[in-house]
Amino acid sequence: MEAFFRRVKAGQTPGYPRYKGERWFDTVVWPSDRDGCRWDSTPDAGHIRLYLQGIGHIRVHAHRCIAGRVKTISVKREGDAWYVILACDEVPTNVLPPTGRVTGIDLGVSEFAALADGTLIRNPAWWRQTEERLTKAARRHSLRYPPGCTRSKRKVRSSQNLAKIHRGNARKRLDFHHKLALNLVRENDILVHEALNIAGMVRAPRPKPNPDRPGEFLANRAAAKAALNKRILDAGWAQFLTILTAKAENAGRLTVVVNARNSSRTCYQCGQVDAASRAGITFRCTTCGHEDHADVNAARNLLRAGLVLIQAE
Ligand SMILES: [Zn+2]
């Protein structure tokens, strides 16, 4: 409501306040511990409890130890499952001893990532499979229960089932990201990766008007881009990099973000920039003949750019 009148005053398109039904709210946040809610954790008591004003004590299954001081508590619903998310302050860092190693990470589409030392990190085998299961279930759901159809017990059950598959996939992906990030942080003192422009990558391509016939449009490769976008989103690069950065910071490691422009078109050996050097998954320099896996070549370029950046500072 407030936002509505603020926009009206500012002369912007207000967008009318909408009815918010019971399914609208999926997260409730309590800004600080002890303000209407309490994290009653006494590990030796055998169970962990959360006190919420107006609700009472709730037993919580804790998946990991709580470090630091609890700052905010949010309760979140995903499908029929409820989660408690704690944001903590003063979390002790766990600085790792230096290894003397550095790496560049190129995030890819065919492989999840390539490292500057030539390692390829493949998407796990279950990746494709879980995605197919989700696609099928989503299609079935939308065919049976088109938008606007009456809400029924069956419909609710069907959408809960869909949400469950979603949740399972997301959790597996998160686990993969955590494990990979942990390994990389353990093994390297400096980690260089590209700056992502997720918003730009997932935006639909602009329609191309046909200059000869007004009102008509030329093919703008929307379908090809949509397929690629889907995989970019699915790979969850942003999620991975967020986890990597957090883990690196906690371990006293340095992450360097560099502009990825030309990193996949530049020859690591001679520095020549030529889009023709990249042929599929192989990089073959049109100038010096240097050959490498395309993503590994890019990872090496990223690493070099990162090291130059550090020296410049
Ligand atoms: Zn070259």
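The model discussed here is predicted.

In this model, helix H3 (residues 153–187) packs against helix H6 (residues 237–250) at an angle of about 40 degrees, and the two axes lie 9 Å apart. H3 and H6 are therefore oblique to each other. Their crossing is right-handed. On the H3 side the contact involves Arg173, Leu174, His177, His178, Leu180, Ala181, Leu182, Leu184 and Val185, which meet Gln239, Phe240, Ile243, Leu244, Lys247 and Ala248 of H6. Sorted by class, this contact has 10 nonpolar, three polar and two charged residues.

H3 also packs against helix H2 (residues 126–144), here at an angle of about 160 degrees with the axes 10 Å apart. Because of that angle, H2 is roughly antiparallel to H3. The crossing of H2 and H3 is left-handed. H2 contributes Trp126, Trp127, Thr130, Glu131, Arg133, Leu134, Ala137, Ala138 and His141, while H3 contributes Lys155, Ser158, Ser159, Leu162, Ile165, His166, Asn169, Lys172, Arg173, Phe176 and His177. The residues of the contact between H2 and H3 comprise eight nonpolar, seven polar and five charged. Arg173 and His177 of H3 take part in the contact with H2 and also in the contact with H6.

The model also holds a zinc ion, coordinated at 2.3 Å by the SG atoms of Cys267, Cys270, Cys285 and Cys288. The four donor atoms make angles of 108 to 111 degrees, and the site is tetrahedral. Along the sequence, the donor residues follow the spacing C-x2-C-x14-C-x2-C.

Conventions. Residues are numbered from 1 along each chain as its sequence is written. This is a predicted model: local features need pLDDT of at least 70, side-chain atom pairs count only at pLDDT 80 or more; totals for chains, interfaces and linings use all residues. Side-chain values use heavy atoms; hydrogens and water are left out. Axes are lines fitted to C-alpha atoms, for helices over the stretch in contact, and angles run from 0 to 180 degrees between N-to-C directions. Helices (H or I, at least four residues) and strands (E, at least two) are DSSP runs, numbered from the N terminus. Angles under 35 degrees count as roughly parallel, over 145 as roughly antiparallel, 65 to 115 as roughly perpendicular and the rest as oblique. A crossing is left-handed if the near helix is turned anticlockwise from the far one by less than a right angle, and right-handed if clockwise. Contact means heavy atoms within 4.5 Å. Ala, Val, Leu, Ile, Met, Phe, Trp, Tyr, Cys and Pro count as nonpolar, Asp, Glu, Lys and Arg as charged, and the others, Gly among them, as polar. Donors are N, O and S atoms within 2.8 Å of the metal (3.2 Å for Na, K and Ca); water is not among the atoms, so sites may look incomplete. Four donors count as tetrahedral if all angles lie between 85 and 135 degrees; four count as square planar and six as octahedral if opposite donors are over 155 degrees apart and all others between 65 and 115; anything else is irregular.
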